[in-house]
Amino acid sequence: MPVDVDAVVLSNTQLSHDYNTVILAAPRLGDQALPGQFVMVKTTYGDDPLLRRPFSVFEILRDDAGRSTGVSLLNKRIGVTTRALYALRPGDHVRCLGPLGRPFSVAEPPEQAWMVAGGVGLAAFATLAANLRARRVDTTLFYGGRRADDLFHLDTFESLDVHLRLATDDGSRGDHGNVTVPLRRAFVSTDRTTPVRLYACGPTPMMRAVTELAASEGRATEVSLEQVMGCGLGGCYSCVVPVRGPDGTHFVRSCLDGPIFDGGSVVWEQLGE
Amino acid sequence: MSVDLSVDVGGLQLATPFIAASGCFGYGLEYGDIVDLSTLGAVAVKGLFLEEREGHPPTRIVETPSGMLNAIGLQGIGVRRFVADKLPGLRDCGAVVLVNICGSTTEEYAEIARILADADGVAAIELNISCPNISKGGMMFGSSLRGTHDVVSAVRRVTTLPLIPKLTPNVTDVASFAVAARDAGADAVSLVNTFLAMAIDIETRRPKLSNVVGGLSGPAIRPIAVRMVHECRQAAADLPIIGMGGIMTSEDAIEFIIAGAVAVQIGTANFVDPFVWSKLREGLTDYLHRHDVPSVSALVGTLDTTRGHTA
Ligand SMILES: Cc1cc2nc3c(=O)[nH]c(=O)nc-3n(C[C@H](O)[C@H](O)[C@H](O)COP(=O)(O)O)c2cc1C
């Protein structure tokens, strides 16, 4: 059941001039959060900015006894709430409502897991990687960014035994180009009968490209969509995604039926910006 | 002294004056896990047409200073599926249900009201003649006195349920619409729906909403909404008013009650804090104690106009 916690900021690590990771003391959130779920965040008590914003739960933090102590958020400074999150100091408070939404389905051996992340889309995958590792699933992260210094938390994923396949727009690290470059190569070198579960999170064009590339290999992709969201609880019908079903295309609420969708069912051209 | 939070809205008995506003609380059941729906005064469900509707494509909302624009386009499951799939669950939760209805024609409003008259568990009908972002229906009726009269009287003929037209603020003289609604047989009015508004992305020079225009809600509209409740109260003191527009706290709600609202609706605030309901009750109870007012009804319309001029 979702809770609204007034979480204390334990640390804020500025990873670059626009990315940061905030660690929040929120044991009740960490207790419940499943891979792919999100929280609705508000950094102020005032009316401006008014609405909360959705953020993936990045990591669930645990003490030595394995008890949840809190969660972290991976943030990129873009708008008003993300600017406030970037500037947080230890001791500040952040209101977090969650965990919310339908989680990823977690692969089981012998299935492999391929996680495909673009930019801040990495935020969806640390908790998933931890769950996959607990199940001993062979896991690969395909991760694209603008430049070498725009790829973060590689050590986090390495420590979870995740294989890394990197790409950068300027070729300064990994493949030159976007993340579909190493992904395409992986498809070529993997037998079609090998069971693989694919996950994607990042810019919409990238998730669409991954879904279509995977489909051409006969594989499905679970995508984590970032729609503009009002409430996170199904109240406002603003975060809808056009989804193809047996009886035609319908708008379904991303907060309740997502944010994780079967990429093949999403009508990408009607998704909006 | 224990204070009495219950109110009578034109024959509709509510345990508290706090009602979830239509379109801001789904069909109510979405919140059943985190809010005890029986502790709300009532739940106004998402606006319903006769048939299912898909609504507008995204982007459907955009934040603006101390407020938001929405153009959802009344996505909904239609009244029959609502009665079959949602009403039983709402009954089980003990919710008092206001069904917010919308039609493209006067006849469609009446048809929906007929279907609801036979359903079990409907406390009242809220007539949405004020939705600003659909091409046919809604505000088309509510922005003309004739249209308001026609819809209200057509629905009045087919139902004995309390009938509450929801007024649009997108008119010059909202009080004349309250009077027209009353004269056509309304038991109460609710106001305000959202203000027609617009926001533009200056980089792309495109509207931020797919529907180009949308309705403004939230704290930004509160002072205008309070003024409109005040005007309706002055023009029709005998007509119960449900006030809304940017209510975030019990203080905001009390402002509307003093202006003349017997009950209030909470829309956008619910997105910011879905647990707002108990805080509203506590704040109001505390206020009544502090001011030695025995009940909410005793506070309604107690605006002191001895200072300053009022319109
Ligand atoms: C996302 C959204 C959807 C809405 N949908 C409806 C609706 O279906 N029917 C209706 O009568 N009013 C609808 N409204 C208007 C609200 O019920 C309310 O009149 C308005 O938002 C002002 O109150 P607030 O400032 O507390 O939100 C909607 C408002 C919002 C923000």
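Across the interface of chain A and chain B in this predicted model, eleven residue pairs are in polar contact, both partners standing at pLDDT 80 or more. Contacts between the two chains involve 34 residues of chain A and 36 residues of chain B, and together the chains bury about 2,700 Å², with 60% of that area on carbon and sulfur atoms.

**The interface of chain A and chain B**

- On the side of chain A that touches chain B, strand 7 (93-100) and strand 15 (248-253) each supply at least two residues, and strand 15 of chain A gives the largest share, with four residues.
- Sorted by class, the side of chain A that touches chain B is made up of 16 nonpolar, nine polar and nine charged residues.
- The chain A residues that lose the most area to chain B are L50(A), Y237(A) and F251(A), which together account for 25% of what that side buries.
- Two salt bridges are counted between chain A and chain B, and one such pair is formed by the side chains of E30(B) and R253(A), with a distance of 2.8 Å from N to O.

**Helix 5 of chain A**

- Helix 5 of chain A, which spans residues 180-188, has as its buried residues T180(A), P182(A), L183(A), A186(A) and F187(A).

**Salt bridges in the structure**

- Over all chains, the structure holds 27 salt bridges.
- One of them joins R52(A) to D4(A), whose closest N and O atoms are 3.0 Å apart; since R52(A) lies in the loop between strand 3 (38-42) and strand 4 (53-56) of chain A while D4(A) lies in strand 1 (residues 3-14), the pair ties together parts that are 48 residues apart in sequence.
- Within this pair, R52(A) counts as buried at 0% relative accessibility, whereas D4(A) is partly exposed, with a relative accessible area of 22%.
- In chain B, the side chains of R81(B) and D85(B) form a salt bridge at 3.5 Å, N to O, and both residues belong to helix 1 of chain B, where they sit four residues apart, about one turn of the helix.
- R81(B) is partly exposed at 37% relative accessible area, and D85(B) is likewise partly exposed at 46%.
- A further salt bridge links the side chains of E107(B) and R114(B) at 3.6 Å, N to O, with E107(B) partly exposed at 47% and R114(B) partly exposed at 34%.
- In chain A, D18(A), R146(A) and D150(A) are joined into one network by salt bridges that share partners.

- R91(B) is placed in helix 1 (residues 79-93) of chain B and counts as partly exposed, at 38% relative accessibility.
- Apart from residues up to four places away in sequence, R91(B) touches D120(B) and G121(B); R91(B) and L37(B) are 54 residues apart in sequence and 9.9 Å apart in space, C-alpha to C-alpha.
- S250(B) is found in helix 7 (residues 250-259) of chain B and counts as buried, at 10% relative accessibility.
- Leaving aside neighbours within four places in sequence, S250(B) is in contact with K279(B), L280(B), G283(B) and L284(B).

Terms used: Residues numbered from 1 in each chain as written. Chains lettered and ligands numbered in written order. Predicted model: local features only at pLDDT ≥ 70, side-chain atom pairs only at ≥ 80, totals over all residues. Heavy atoms only, no water. Contact = heavy atoms within 4.5 Å. Buried area = accessible area lost by both parts, 1.4 Å probe. Salt bridge = Lys/Arg side-chain N within 4 Å of Asp/Glu carboxyl O. Polar contact = N/O pair within 3.5 Å; in protein donor to acceptor, adjacent residues only side chain to side chain. Nonpolar A, V, L, I, M, F, W, Y, C, P; charged D, E, K, R; others polar. Buried < 20%, exposed > 50% of the residue type's maximum accessible area, 1.4 Å probe, protein only.
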